[in-house]
Each structure stands twice: as C-alpha cells, then as structure tokens.
Amino acid sequence: RMKKVPVKKNLHNHRKHNQYKFKKIFWLFLLLLLILGVGIAGITYHNVYKATNIIYKKSNAHKKRNAGKLIDNKRPISILLLGTDTGALGRKYKGRTDTMIIMSINPEKQKTVMMSLPRDMKVNLSGYSEYSPAKINAAYTYGGTKESIDTVQKYLKVPIDYYVLVNMGGLKRAIDQVGGVTVISPLTFSYEGDHFIKGKKYHLYGDDALKFSRMRYSDPQGDYGRQLRQRLILTGLLKKSFSYKTFLSSSFLKSISNQAQTDLNRSQMFGLSLNYRKVGNHVVSDHVQGVGKEIGGQDFEVVSKSELIKSSNIIRNNLGLTRY
C-alpha cells in the first residue's frame, strides 16, 4: 500500500518495529536461561545481542537432523536442559548433571513437554565403555555435553536438536533478582534449618529456594520428588521474570558466561522468538520412571524398555514424529 508519510514518522515506525523485534528476542533468550535457573530479570536489547555470543558453545554431538532448518520452517524442536551444581562452568572438574530434562517444543500445538530423566539412570556410555555401566549424570563428567546428548539420543530414541547447560548455583542470583518466587510445598520437610509444610504457600528468596529445591534424601520420592520441586521453583521464576522491569549492567551479563552455555546461535534464537513464542501456553511436566537396584556395589535407577518406549513416544508425539 502506498501512503504519503512524513519522513520523521516513517523513521519512528521503523524504530518501533525494530524495538518490537528485539523485545521478542529478549523474552526468548530469557526463557531459555530461566528454565534451568540462570535468571536475567531484565536487560537492554543491545546487551541481549552481545550475550548470545558470550554463552554460545558447540556440543560436537552427533545430531540426528538439521535443527536450523526446523526453526526456519517453524517445526517442533527439542532442547536438552542440563543443570550442574559444581560452581562455575569451565573448570577442569565438570562434576555431574543434577538435572536432565528433555524439552520438546511444538509451535503448532502451542505445547511444551518437559521430560525429566533420573540422574542415576543406568546406561552404557557409547564413548566411554570402560566406565560402563554408569549413571546417566556421569555422561557429562566424562564427555561433556557431547556425551550427554549422544547418550540421551541413544536411550530415548529422540533427536536432541539443541542444549542449554547452566550451573544451578546461578538459581540463587536469579531468584534474588526478581524479588523471590512463590511456591506451594508438595510435602512437609526440614532442610538445613528451613521447615516447609505440605500445602502451604511460601515466598522464597535465593538461599531458601535452593534449600527447597535441593533436598532429596528426606523425600519419599527421592530424586523424583526433588525434580518436582525444582520444576516448581523454575515455574515460579518464569512467571515472576516476565513482569520484571529492572535493567541490568553489562557486568552481570559477563558474569553469566561461566554460568550458562548453549549451542543456539543468535539467528536461531531470533527464529524461535518470532515463531515459538506461544509454546508456553500449555506446559506438560513428566518424568522417566526407574526402579532402584544395586549393581556392582552402585545404586542405579534401572528403566525398563517399556518405560523408555512410553517416554519416547510422549516426546516424539510432541515433535510430530512417528511412534517408536
């Protein structure tokens, strides 16, 4: 449509359009980091652009498909969310992944499925047979994100298109930045001086939120119960952050460079921000269930073939793939 518009107004509209695009990039970037606890309450659009370079790192995993084209074509994708709790990333000692979640994102259904894996799940590491059988959380210790992705793809029979790795210690900073999060405790328990009552609502700041999400041994469901409480904290963090307005300094952005890594590049984040922004409308939380067994002096969670198939098909269905 042709329309005579004064130059000033036209430039103003163009600037508003660019700001709108950058705003969408910002919220997507925020979402990916907050899911595992590296919260950024608010940052300038220019700093978001720079931050994508700070945390980008290839996994070198054997990817099953061309994920970049999937984003271009607005197709469902998967992201492996990895959480560590060993201090800054990049140290020689990697530690193990306390959290492993396969997140499948379907823009057509506007649906996200978050499938947690038991940290003690018994696996054979394809790249490290001399250390097998091993717990799946050791894949990161031996082979970093590459071995983690390869192992998950091998056992769950689903393609992992991208990963997001964060240090869970960054959760404290994120929660404090947004002014705390509100949760309802699913059980009564005490941990490191804090006491929580089942069914009671709590507004938690960083230290207390970490205690709420870290306790494992006093939970009747063990690690499965901890996974649930982690998801409660992270969901509260997501809800709070979207209404938070404070802008952060560039020094804070630099500080997350040793707290977060991803192989989503800037253009891929831009594509996600444009075409996947409604996938949070419907979030399904699930987990892979194992059975505790002692094997060779180690305690494992042994996951049956039928449970792997069931979990795989839930993910594959949300990715628009045929059943396994």
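**Exercises on salt bridges and strands**

Lysine 211 and aspartate 194 are both buried, where buried stands for under 20% relative accessible area, exposed for over 50%, and partly exposed for what lies in between (1.4 Å probe, protein chains only). The model is a predicted one, in which local features need pLDDT of at least 70 and side-chain atom pairs count only at pLDDT 80 or more, while totals for chains, interfaces and linings use all residues. Residues are numbered from 1 along each chain as its sequence is written, and side-chain values use heavy atoms, with hydrogens and water left out.

**Exercise 1.** Find which parts of the chain are linked by the pair lysine 211 and aspartate 194.

*Solution.* Start with the contact: lysine 211 forms a salt bridge with aspartate 194, and their closest N and O atoms are 3.8 Å apart; a salt bridge is a side-chain nitrogen of Lys or Arg within 4 Å of a carboxyl oxygen of Asp or Glu. Helices (H or I, at least four residues) and strands (E, at least two) are DSSP runs, numbered from the N terminus.

**Exercise 2.** Describe the salt bridge of aspartate 150 with lysine 146, and state how the two are placed in helix α4.

*Solution.* First, the closest N and O atoms of aspartate 150 and lysine 146 are 3.1 Å apart. Second, the two residues are separated by about one helical turn because they are four residues apart in helix α4. Third, aspartate 150 counts as buried at 10% relative accessibility, whereas lysine 146, at 28%, counts as partly exposed.

**Exercise 3.** Determine how strand β3 pairs with β2 and with β12.

*Solution.* Begin with strand β2 (residues 97-106), which pairs with β3 in the antiparallel sense over six bridges; two strands pair if DSSP finds at least two bridges between them. Within this pairing, isoleucine 105 stands opposite threonine 112 in β3. Between the two strands, the hairpin has four residues, and glutamine 110 takes a positive phi near 55°. Finally, consider how covered β3 (residues 111-116) is: five of its six residues are buried.
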